[in-house]
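Hi there,

Here is the structure I promised to pass on.

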Amino acid sequence: MKCKPIEEIKAFLEPFAKAQGVEIYDAEFKLGREPALTVFIDKEGGVDLNACEAFHNAIDEPLDTLDPTFGEPYTLNVSSPGLDRPLKTDKDFARAKGKKVEVKLFAPMKGKKFFEAILEDFTETCVILNTGKETEKIERAKIARINEAIDFD
């Protein structure tokens, strides 16, 4: 199935997100037997089912005019990015600065591919993490996934 670029779809949906008081966190197409476009939204205080439903209703018909799949059928989903949302943008990293994060690397570093640390700082190309024993500077390109750690106290 041929689809329009995700960045084009996100840019198209941006005005609808602003009108609903949400921000588009991410969007993705899952192709296969039952293709689906999932738009992940976020807002101050978190996203609930009502916010997802309202945004879905607001973008359903306009997406038909954009025709992201060039006439092919697909399912539209709207979702929260979840508590374990990955840090992707500088805005995400800024929100997590000073907090404990979980880091999964593509390749082991000092024998470990997964660890928890405090996100001390970041740049466009790297993150600075405090493991409690030492401070590590890791290139963002070497990180498979980084997200805020969830503590169930």
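Helices α1 and α2 lie oblique to each other. Please keep in mind that this is a predicted model. The angle between the two, α1 covering residues 6–20 and α2 residues 49–66, is about 140 degrees. An angle over 145 degrees would count as roughly antiparallel, so this pair is described as oblique. Their axes are 10 Å apart, and the crossing is right-handed.

Which residues make the contact? On the α1 side they are E8, I9, F12, L13, F16, A17 and Q20. Across from them, α2 brings in A54, F55, A58, I59, P62, L63, T65 and L66. By class, that contact has twelve nonpolar residues, two polar ones and one charged.

The other thing to look at is the largest pocket, with a volume of about 300 Å³. It is lined by 15 residues, and those closest to its centre are D42, K43, R85, R95 and E148. Two elements, β1 (23–30) and α3 (90–96), each give two or more residues to this lining. Here the classes come out as nine charged, four nonpolar and two polar residues.

As for the chain as a whole, there are three helices and eight strands. Starting at the N terminus, the order of elements is α-β-β-α-β-α-β-β-β-β-β. The C-alpha trace spans about 55 × 35 × 30 Å along its principal axes.

Best wishes

Terms used: Residues are numbered from 1 along each chain as its sequence is written. This is a predicted model: local features need pLDDT of at least 70, side-chain atom pairs count only at pLDDT 80 or more; totals for chains, interfaces and linings use all residues. Side-chain values use heavy atoms; hydrogens and water are left out. Axes are lines fitted to C-alpha atoms, for helices over the stretch in contact, and angles run from 0 to 180 degrees between N-to-C directions. Helices (H or I, at least four residues) and strands (E, at least two) are DSSP runs, numbered from the N terminus. Angles under 35 degrees count as roughly parallel, over 145 as roughly antiparallel, 65 to 115 as roughly perpendicular and the rest as oblique. A crossing is left-handed if the near helix is turned anticlockwise from the far one by less than a right angle, and right-handed if clockwise. Contact means heavy atoms within 4.5 Å. Ala, Val, Leu, Ile, Met, Phe, Trp, Tyr, Cys and Pro count as nonpolar, Asp, Glu, Lys and Arg as charged, and the others, Gly among them, as polar. On a 1 Å grid over the protein atoms alone, a cavity is a set of points where a 1.4 Å probe fits but cannot get out, and a pocket is an open set with protein on both sides within 12 Å along at least five of seven lines; lining residues have an atom within 4 Å of a point. Grid points are joined across faces, edges and corners, and a volume is the space filled by probe spheres set on the points.
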